[in-house]
Number of protein chains: 2
Amino acid sequence: MMFWHLSISDTYPMEIRDLRALLAVVRCGSFTAAAKELGYTQSAISQQVAALELEFGHQLVQRRPVRPTPAGQRLAEHAARILLRLDVARSELSQLGHEPAEVRVAVCPLAAPQLLAAALREVRSTNPLLRVTIRSVDPRSAVAEVASGAVDAALVDGIAGPDEPLHLADAGLLSSTAMAEAPLVVALPADHPLQNRERIDLDVLADAPWIVAPALAGGADERAPTGPRPGLQVVYDGKDLPTLLALVAAGLGAALLPAPSCARVDGVTAIPLCSPRLVHRTELLALRTTTPRQQRVIEVLRAKASLR
Amino acid sequence: MMFWHLSISDTYPMEIRDLRALLAVVRCGSFTAAAKELGYTQSAISQQVAALELEFGHQLVQRRPVRPTPAGQRLAEHAARILLRLDVARSELSQLGHEPAEVRVAVCPLAAPQLLAAALREVRSTNPLLRVTIRSVDPRSAVAEVASGAVDAALVDGIAGPDEPLHLADAGLLSSTAMAEAPLVVALPADHPLQNRERIDLDVLADAPWIVAPALAGGADERAPTGPRPGLQVVYDGKDLPTLLALVAAGLGAALLPAPSCARVDGVTAIPLCSPRLVHRTELLALRTTTPRQQRVIEVLRAKASLR
DNA sequence: ACTGTTTACGGAGACCGTAAGTATC
DNA sequence: GATACTTACGGTCTCCGTAAACAGT
């Protein structure tokens, strides 16, 4: 074994390469897979992680099975944000001079899409030469898409307190603009015993089965009152709203959704929350450095925003 | 010259070392000074910056005089946050096992100190063996002090909207707890023409001379309505409140201060703001991983907080 | 026995320092 | 002409790959 907690070495290399390796190992759960992902041999990965462990004086990943230790988990979280910020820096600088011929926008499935439509119609009429491409993305990967420069802006949605921002990324990493807020409703099967309630409290449903749809409802997972209750949960990993509603109608569980998304759906009753301490919120994410052309689209989008 | 904007190279090294070098160059305004600071030759620094410029395809610093370009400025901002986060990671991991014999707290000069005093009295009575050391710090360096592990917690103050957090660092970097809020007042010389006003609007004083005290009032600089008005400003870089008030009394300018700090001072009139859209706020900053002993002190401090 | 990680070792190359070159004040 | 940065070049040491040892399953 090694002399953990000795920490004789102070401030040695500790370069980005090593952090990337740690992160890949933690994500993949395997040195071999991480090596393949990064284009190294697993020996190299082993050495990089070993170097980190030596520097910090803590074991970072358990071997066999490969699992992060608490220290490794913590470091991996920091590493993830550092790498994200590096992506942002790269994206920002890479488009500093260039003026792109097209503007690419990503939209999350439940993000208020009428805003995007209206804004793009306006952009189209005033600037018909500008090509705009729209892509649907998972709210979990929306930040990374903007950060990496895969898209120029993203309409992201999630659950937050009223007038509170979604905390999607580090402060100052990306520019975010509030676009819309909608009340949250609990979607229940039409024959559910609570279907006639006027309003409903989340606590009432604390022990009820929920359908978690991480690819659809952004921050719902963390905010929903479902602790670690395996067995009672259904996870729907698709981006298809009708499918999710069908699951609800079939009685597999309740779902927390923005009101507009489940109005007048057969077999599903939508009941507003008692105390609207949580709302569904849509924000526009973009890099902080934008080209004039992107700026125009984003400005139009912002002008359409019902908030502020 | 070089082929800027060509950017043939994609994803080359770009390690932390280079970012540190860029940051030092930007801070020092000199390759030579940066080299001395980092323990390299200036040749090495030159090569590191050149490597970054090659990778990004942008010139990052102008030479002669050495000044960051817009791209360099942007990258340096990212670099600063990355290095800060690395400091936090190091601090967190380094104290994961250890249980320190003393708890070190930093206090900013205008941060509500009575909170600290009361909390420490309580800590002292319940845990007399625990050694607590207190240091006064500049609000500008408070975050770095906590991040680097130089202190375990810091009482920081600044100006923010009511019930809004000070945005001192990236979200999730450090834990922050609201401790107190105090109204802001404009400190004027006693013979100032506006001295008899009940309340005052910042816009009224937009063109008046201000005394800026960055070492005292944290976020006041950015929030105060003084744009770039050279000549009309006095900068007091000390941490001494009486000195600042003496400057105000001498008629050198107005200052934006928390009300408790300038109550009943000879020669100075304190006038509350018209619309209290800004308040003086004190927050407690600490690492997100705390040892049980630190946790106790922090808990007691939090319990003393008048907010929430 | 086999899969997967560590350790050993050697080579290619990155990185820094010395020193000469060059531009700006 | 002096100061300050850049470029050239060579040595060193890092870092990765190959391969062997090793440890769980």
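The surface near DNA strand C is made of six nonpolar, ten polar and four charged residues. Here, Ala, Val, Leu, Ile, Met, Phe, Trp, Tyr, Cys and Pro count as nonpolar, Asp, Glu, Lys and Arg as charged, and the others, Gly among them, as polar. Keep in mind that this is a predicted model, where local features need pLDDT of at least 70 and side-chain atom pairs count only at pLDDT 80 or more, while totals for chains, interfaces and linings use all residues. Residues are numbered from 1 along each chain as its sequence is written, with chains lettered from A and ligands numbered from 1 in the order in which they are written.

**Around DNA strand C**

**Around DNA strand D**
- Two or more residues each come from α3 of chain A and from α2 (31–38) and α3 of chain B.
- α3(B) gives the most here, with five residues.

**Where the chains meet**
- 25 residues of chain A are in contact with 25 of chain B (C-beta atoms, placed from the backbone, within 7 Å).
- On chain A's side, α1 (16–28) and α4 (70–94) each supply at least two residues, and α4(A) gives the most, with twelve.

Notes:
Helix = DSSP H or I, 4+ residues; strand = E, 2+ residues; numbered from the N terminus. Contact = placed C-beta atoms within 7 Å.
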